[in-house]
Amino acid sequence: MPVDRSSLSRRLLLAGAGAGLFSGASAQTPPRSGLSGIAARHGVLFGAAIEPDTVDSDPAFAALLARECASLTAENHMKWNMLRPGPGRFEFEGADRVVAIARRQGAMVHGHCLVWHEANPAWLVRELTTGNAQALLEGHIGAVAGRYAGLIRSWDVVNEAIERNDRRPDGLRKSLWLNVLGPDYIPLAFEAAHRADPGARLLLSDYGLEYDDEPWMVEKRETLLELLAGWKRSGAPIHALGIQGHLIGHRPASFGPALRKFLRDVSSLGLGIDITELDVNDQNLHGSAAHRDRIVAQHYRAFLQVALSEPAVRAVTTWGLSDRYTSKSSMSARSDGTGVRPLPFDQSLQPKQAWFAMADAFAQRQHPEKTRN
Ligand code: XIL
């Protein structure tokens, strides 16, 4: 699939994305405001995941996003089911809009995601064989990461690849890609992404790594460390771990020494760490909105205080920015019929306690560049 970069460039320009799109240089950005400004002064890139429709149809939300975020992630529009209507066919309209919005707002882009066991088109599930898998995987990654090369800071190359319940000795998830390519699909994907965009920071991202009091998560950390060490030893171009950070408001906020040690161990492998999908699920919290907001804020604070104490953590993305637009409304709706409140801004786009908790956590972080000897 040839990538028509000149027409992409034209469309991004029409979308107001500015000049120098393929120079590899990041957009000229004024000093940042909002959460991203506070985070930047402490060595952290802050951003959020978006759906382009909500930004394009809601100027107040777009303005909030521009003020608060130095990085944007496509919540859905870079997944296979959105990009690949058929074999050999690509539909980049939605993904291009996300990149254009980011450029317009002077924000970086985090790409999500090149390989996942979910959100795959029916034709892929039907047609994938051991004979065509490597070409399909490499063709997709080459076309997608190649199209946006120089425009994307980082990619979730492989998403959610570890599942200990699948009972493989190596801990890898039994996914459609593993079925046809075996464990090699992971280094193959990273190599393809690196070839397509040598400047991008390449992540393996996963959930279930956050809580110290949850045995399966503690075990998953161990499994992941072994796998990461192996891939690093074999020279796979993996640059960072993505920790999703979907937190659960009704659990104890058990982010303590074991999480800190895990982050240290990941960093010792020579890897960076990004928090890629942070939010706090308040589906099962009782009480008034104000009470729930207090608990949600405590979770943001407790998690970020530990995460940001590790210098390797360089970026934090929330999975949405305002409760006005969150997939939790449908995926984790509350039984009392009141709206979910998982994000730093409420439905009226006002900052909640979560915003202030995050701001405090960023402000308390020692800037790694400034403290390095
Ligand atoms: C979710 C989106 O938020 C939803 O809109 C969509 O319906 C399903 O996917 N882990 C991931 C994300 O890596 O891609 C998921 O996003 C949330 C869980």
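A residue counts as buried when its relative accessible area is under 20%, as exposed when that value is over 50%, and as partly exposed in between. The model discussed here is predicted. Ile273 has a relative accessibility of 0%, so it is buried. Ile273 belongs to strand 8, which covers residues 272-281. Its C-alpha is 30 Å from that of Leu285, although Ile273 and Leu285 are separated by 12 residues in sequence.

Ala193 can be treated in the same way. With a relative accessibility of 1%, Ala193 is buried because the value falls under 20%. Ala193 is part of helix 10, residues 185-196. Between Ala193 and Gly146 there are 8.0 Å from C-alpha to C-alpha, with a sequence separation of 47 residues.

The backbone comes next. Most peptide bonds are trans, and most residues other than glycine have a negative phi. The bond from His112 to Cys113 is cis, with omega near -5°. Cys113 lies in strand 3, residues 108-115. Ala119, in the loop between strand 3 and helix 7 (122-127), has a positive phi near 55° and is not a glycine. At 22% relative accessibility, Ala119 is partly exposed, because the value lies between 20% and 50%.

Glu160 also has a positive phi, about 60°, and is not a glycine. Glu160 sits in the loop between strand 4 (154-159) and helix 9 (176-181). Its relative accessible area is 9%, so Glu160 is buried.

Two of the residues already named return at the ligand: the surrounding residues include His112 and Glu160. Also around the ligand are Glu75, Asn76, Lys79, Trp116, Asn159, Gln244, His246, Glu277, Trp319 and Ser327. By class, this shell has 6 polar, 4 charged and 2 nonpolar residues. The ligand sits in the largest pocket.

For Lys79, a polar side-chain atom is 2.7 Å from a ligand oxygen. In Asn159, an N or O atom of the side chain lies 2.8 Å from an oxygen atom of the ligand. For Trp319, the distance between a side-chain N or O atom and a ligand oxygen is 2.9 Å. On its own the ligand has 420 Å² of accessible area, and the protein covers 76% of it.

Conventions. Residues numbered from 1 in each chain as written. Predicted model: local features only at pLDDT ≥ 70, side-chain atom pairs only at ≥ 80, totals over all residues. Heavy atoms only, no water. Near = heavy atom within 4 Å. Polar contact = N/O pair within 3.5 Å; in protein donor to acceptor, adjacent residues only side chain to side chain. Areas by Shrake-Rupley, 256 points an atom, 1.4 Å probe, with all protein chains shown as cover. 1 Å grid on protein atoms, 1.4 Å probe; cavity = no way out; pocket = protein on both sides within 12 Å on 5 of 7 lines; lining within 4 Å. Sits in = over half its atoms within 2 Å of the grid points. Nonpolar A, V, L, I, M, F, W, Y, C, P; charged D, E, K, R; others polar. Helix = DSSP H or I, 4+ residues; strand = E, 2+ residues; numbered from the N terminus. Buried < 20%, exposed > 50% of the residue type's maximum accessible area, 1.4 Å probe, protein only.
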